[in-house]
Amino acid sequence: MSLEAVLADIAACRACAPELPHEPRPVVRVSPQTRLLICGQAPGRRVHESGLPFTDPSGDRLRGWMGLDYETFYGRPEIGVAAMAFCFPGTNPKGGDFPPPPRCAQLWRPQLLQQLPQVELTLLVGGYAQEWALGGRMQANMTQTVRAWRDYAPAILPMPHPSWRNTGWLKRNPWFEDEVTPYLRQRVLEILRP
């Protein structure tokens, strides 16, 4: 199966439709040239509406961490985004979004990743992505996994989610922006270098 066929199947997927409070709108952005793959949790409401990943304040913070402007982030085919779930899971009345339904990753990730052989660096953004991708290699929690980032480099970089909800986490863990962000920016430059 080709990448084009996998993406067409993902776009047509309605597997989670009975559980979603809205019409499914899978959001994934990859190409045969993808060398840096960003794997987050799931699209938020704004991304669901725009159909473009990270078109929200989380995306602004993520691009800042990566040292990229908006045009470069969306204009370079080397950068791909494929969350653990491709559809917005809905808003939890207690705050934040619902977690990504595991069904999406089970259905699509193996097929999709198989069609992306050029990927050199995968950003695992948040605990859900880390748990799925690392399995037993994940540390006790997201913080410890991100703190152990050197153990996963150079192919994988675990990161906190760039949501505004993690502003407190970033203040309590200044080592992330002191150590991990410069490494990330250097890797991004290497990947995008002609």
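This briefing walks through selected helices, loops and residues of the structure above. The model is predicted. Helices α3 and α9 pack at an angle of about 75°. Helix α5 has a kink of about 40° at W108, and α9 bends by about 30° at T181. The peptide bond from A153 to P154 is cis.

**Helices α3 and α9**

- Two packed helices are described by the angle between their axes and the distance between the axes.
- Helix α3 covers residues 57–66, and helix α9 covers residues 175–192.
- Their axes lie 7 Å apart, at an angle of about 75°. Angles of 65 to 115 degrees count as roughly perpendicular, so α3 is roughly perpendicular to α9.
- From α3, the residues in this contact are G64, W65 and M66. From α9, they are F176, E177, T181, L184, R185 and V188.
- By class, the contact has 5 nonpolar, 2 polar and 2 charged residues.

**Helix α9 on its own**

- The 18 residues of α9 should span 26 Å at 1.5 Å a residue. The end C-alpha atoms of α9 are 25 Å apart, which agrees.
- A bend of about 30° sits at T181. The proline P182 follows within four residues.
- T181 is also one of the α9 residues that meet α3.
- The buried residues of α9 are W175, F176, V180, T181, L184, R187, V188, I191 and L192.
- An α-helix has 3.6 residues a turn, so residues three or four places apart point the same way.

**Helix α5**

- Helix α5 runs over residues 102–114 and has 13 residues.
- From first C-alpha to last, α5 reaches 19 Å, close to the 18 Å expected at 1.5 Å a residue.
- The kink of about 40° is at W108, shortly before the proline P110.
- W108 is among the buried residues of α5, along with C104, A105, R109 and L112.
- These buried residues pack against α1 (3–12), β1 (36–39) and α6 (127–134).

- R63 is in helix α3. R63 counts as buried because its relative accessibility is 4%, and buried means under 20%.
- Beyond its neighbours within four places in sequence, R63 is in contact with F54, D56, L68, D69, Y70, F73 and Y74.
- F54, one of those contacts, sits in the loop between α2 (45–50) and α3.
- F54 is buried too, at 9% relative accessibility.
- Most residues other than glycine have a negative phi, and most peptide bonds are trans.
- F54 is not a glycine, yet its phi is positive, at about 60°.

**The cis peptide bond**

- Between A153 and P154, omega is near 5°.
- P154 belongs to the loop between α7 (142–147) and β4 (156–159).

**R45 and T91**

- R45 is part of helix α2. At 44% relative accessibility, R45 is partly exposed.
- Not counting residues up to four places away in sequence, R45 touches F88 and T91.
- R45 and D56 are 11 residues apart along the chain, and 9.1 Å separates their C-alpha atoms.
- T91 lies in the loop between β2 and α5. T91 is partly exposed, at 39% relative accessibility.
- With residues up to four places away left out, T91 touches R45, G96, D97 and F98.
- The C-alpha atoms of T91 and C16 are separated by 15 Å, with the two residues 75 apart along the chain.

**G80 in strand β2**

- G80 is in strand β2, which covers residues 79–81.
- The relative accessible area of G80 is 0%, so G80 is buried.
- Leaving out residues up to four places away in sequence, G80 touches R29, V30, T34, L36, L37 and I38.
- M1 is 79 residues from G80 along the chain, and their C-alpha atoms are separated by 19 Å.

**Q144 in helix α7**

- Q144 is found in helix α7, and counts as partly exposed at 40% relative accessibility.
- Q144 and F73 are 71 residues apart along the chain. Their C-alpha atoms are separated by 28 Å.

Note on methods: Residues numbered from 1 in each chain as written. Predicted model: local features only at pLDDT ≥ 70, side-chain atom pairs only at ≥ 80, totals over all residues. Heavy atoms only, no water. Axes fitted to C-alpha atoms, helices over the stretch in contact; angles between N-to-C directions. Helix = DSSP H or I, 4+ residues; strand = E, 2+ residues; numbered from the N terminus. Parallel < 35°, antiparallel > 145°, perpendicular 65-115°, else oblique. Contact = heavy atoms within 4.5 Å. Nonpolar A, V, L, I, M, F, W, Y, C, P; charged D, E, K, R; others polar. Expected span 1.5 Å × (residues − 1). Bend = angle between axes of the 7 residues up to and from the residue. Buried < 20%, exposed > 50% of the residue type's maximum accessible area, 1.4 Å probe, protein only.
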